[in-house]
Amino acid sequence: MKLVPLGDKIVLKQLEAEETTKSGIVLPGQAKEKPQEAEVIAVGPGGMVDGKEVTMQVKAGDKVIYSKYAGTDVELDGTKYIIVKQSDILAIVEA
């Protein structure tokens, strides 16, 4: 199956949380903070959203930083995704 976002929605796959802190402390699963960095999997077409023209500024494969409490968590074929609005994306991470 495949997720196809509508309007200004974007499907993200969250990047893995760090297993250890910089000082070397190993974190158990519950103690790890949910990372705010993710990879863009699919992008909606944009267009008219709430009466305003929306041009999509990200593309599949981009790494982005998104708002901490944004989006809807979805699981498909055992993989977890987050669906967010483009306005919930704060920045694109460039190498």
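Buried means under 20% relative accessible area, exposed means over 50%, and partly exposed lies in between (1.4 Å probe, protein chains only). Asp-8 is buried, at 9% relative accessible area. This is a predicted model: local features need pLDDT of at least 70, side-chain atom pairs count only at pLDDT 80 or more, and totals for chains, interfaces and linings use all residues. Residues are numbered from 1 along each chain as its sequence is written, and side-chain values use heavy atoms, with hydrogens and water left out.

**Sheet**

- Six strands build an open, antiparallel sheet in the order β6-β7-β1-β2-β5-β8.
- Strands are DSSP runs (E, at least two residues), numbered from the N terminus, and two of them pair if DSSP finds at least two bridges between them.
- The edges are β6 (72–76) and β8 (89–93), each pairing on one side only.
- Neighbouring strands of this sheet are turned by 40 degrees against each other on average, direction ignored; axes are lines fitted to C-alpha atoms, and angles run from 0 to 180 degrees between N-to-C directions.
- β5 (residues 63–66) pairs with β8 over four bridges, in the antiparallel sense.
- Tyr-66 has Ile-89 in β8 as its bridge partner.

**Salt bridges**

- The structure holds two salt bridges (a side-chain nitrogen of Lys or Arg within 4 Å of a carboxyl oxygen of Asp or Glu).
- Lys-9 bridges to Asp-8, with the closest N and O atoms 3.5 Å apart.
- Lys-9 is partly exposed at 30% relative accessibility, while Asp-8 is buried.
- Asp-62 and Lys-59 meet through their side chains at 3.1 Å, N to O.
- Asp-62 is buried at 11% relative accessibility, whereas Lys-59 is exposed at 54%.
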